[in-house]
Amino acid sequence: MGSELLTATLAAPVEPPLIPSTTTTTTTTGNGTTTRTITTITTTTCSSSAADGTTTTTTTTTTTTTTTTTITTTSNATTISSLCDDDLREIFLRLPNLPALIRAALTCRSWLGAIRSSSSFRRLFRALHPAPLIGLFLEIDDATTPSFVPLRRSDPDVTAALRRGDFYLTSLLKAGASSAWSITDCRDGYILLWNMLDKPSVAAVNPMTWAVDIIPLPDGVKAGRRRNFAYLGFHLLCSDENPWSFRVVCVCSDQRRIRVAIFSSETWEWVVHPWVHTGGDCSLKFGAGMVVDGSVYWPYHGQGRMIKINVATMVITTVELPLQVMLEGYNFMAGETKDGQLCIVYESGFFLHVWIRGVDGYGLDNWVLHNMIPLSEEIDEITQGFALELQGDLKVVQVRFGYVYLSTTCTTPAGTLHCWFFSLSLDTLVLELLVEGKFNGCAHPYNMAWPPCLVGDDGSIGHEVEASH
């Protein structure tokens, strides 16, 4: 008993446990990857005494390393949802055309809102990406209404737009209008037609929105007329920022004067302006006017001049043409370059002469010869010799957005008309055959216009996005 107590008394005391030593290292890279390494060192010491008085000490060291890697999104990372409206618009400017922009805009509300909220973006996009040509309206003999020929059928965006539109003009017939309509202008998504058989009127039709407005001709436009009164034609003036608004310009003449009347879709009224003397006989060509930068240009038949009607100020002036130009038939047309500059195109012997209105070598505002383009060889190749062999004529139909639209028509040995319709880029000089067939060569190019859902915040964002799906 006493020895046991002695042994217990002599036993070495137990060492208290040591506190573990822990080291933590954290490393974060620029791509958002965080690596955390935790190293824990634990040391345990144990001592024991034997009966002979010998003490034994045992020390155990344990090292534990734990590595954790996490990937997080840092605050400066960019996602599509974090882009602001300015960034989105900068990206949208790089889209190839208007149909691609429409598809992108209808993806979500924020993208659509970025486009609708900036008129400056829309102006810049229009300047960089002119409205694409998607088809032609042709006037075929004995047809009740113009016929539409679609182009670019391989483009799915254009095909989708055509599928939803009213390009058979059925909305015009449903509105109770007669069937004897002829096209007098086509621009900015609208077609302007007129009917002089039943109740003289014009109709503004938007095939993309199915909108139809039938407008009676102005009262009082014939008041004070003299001999040889005639309607020369009608033109459209549209608003880029209000697709539902448009104006119709009616130009008429008598023996020595012209008169202009303007219709507004907002007031639904005509404003008839006074007669204006033009100097000499008024031999303005029927249906030959062209709208460029808010003014209407109209050539005289057989003369080297044209009139300019500034629709904003109603000032009418005479513009002299280059001495080489002799207006005969359909060999001349005023129009606009890709940059919107006034230009004229004159055809003679299957040569196109192009002048641009600018500053000449003397610092004066004048016509500057831009190019002379021979077309006989290309047209002969495309038509396989028929056009030149059968003495077809070359018509200048329109000059718009830097493209010249031309047609050549000839009578086949069977006594039928055959027509080829071309486009020519003034920049690249590439001649492209758009359509050929049995029609009279009178064609009206139709360019896709901006849909109303992309212009201005009118409260229809939700409706348009839902409808797009």
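This is a predicted model: local features need pLDDT of at least 70, side-chain atom pairs count only at pLDDT 80 or more; totals for chains, interfaces and linings use all residues.
Local features need pLDDT of at least 70 and side-chain atom pairs count only at pLDDT 80 or more, while totals for chains, interfaces and linings use all residues. Residues are numbered from 1 along each chain as its sequence is written, and side-chain values use heavy atoms, with hydrogens and water left out.

Q: Within what arc do the buried residues of α5 fall, seen down its axis?
A: Helices are DSSP runs of H or I with at least four residues, and strands are runs of E with at least two, numbered from the N terminus. In α5 (residues 119–128), Phe-121, Arg-122, Phe-125 and Arg-126 are buried (under 20% relative accessible area with a 1.4 Å probe, protein chains only; exposed is over 50%, partly exposed in between). They line one face of the helix, because the directions from the helix axis to their C-beta atoms fall within an arc of 135 degrees.

Q: Which exposed residues does the face of α5 turned away from its buried side carry?
A: An α-helix has 3.6 residues a turn, so residues three or four places apart point the same way. On the face of α5 turned away from the buried side, the exposed residues are Arg-123 and Ala-127.

Q: Which residues have the most contacts inside the largest nonpolar core?
A: A nonpolar core is a set of buried Ala, Val, Leu, Ile, Met, Phe, Trp, Tyr and Cys residues joined through side-chain atoms within 4.5 Å. The largest one has 37 residues, and its largest share, five residues, comes from α3. The residues with the most contacts inside this core are Leu-101 and Leu-454.

Q: Which residues is Leu-454 in contact with, leaving aside its neighbours within four places in sequence?
A: Contact means heavy atoms within 4.5 Å. With those neighbours left aside, the contacts of Leu-454 are Leu-101, Ile-102, Ala-105, Leu-112, Ile-115, Arg-116 and Arg-122.

Q: In β25, which residue is the bridge partner of Tyr-403?
A: Two strands pair if DSSP finds at least two bridges between them. The open sheet β23-β24-β25-β26 is paired in the antiparallel sense, and β24 (residues 403–411) joins β25 (residues 417–425) over nine bridges. The partner of Tyr-403 in β25 is Ser-425.

Q: Which residue of β18 is the bridge partner of Ile-309?
A: Another open sheet of four antiparallel strands has the order β15-β16-β17-β18, with β15 (290–292) and β18 (315–320) as its edge strands. Strand β17 (residues 305–310) pairs with β18 over six bridges. Within β18, the partner of Ile-309 is Ile-316.
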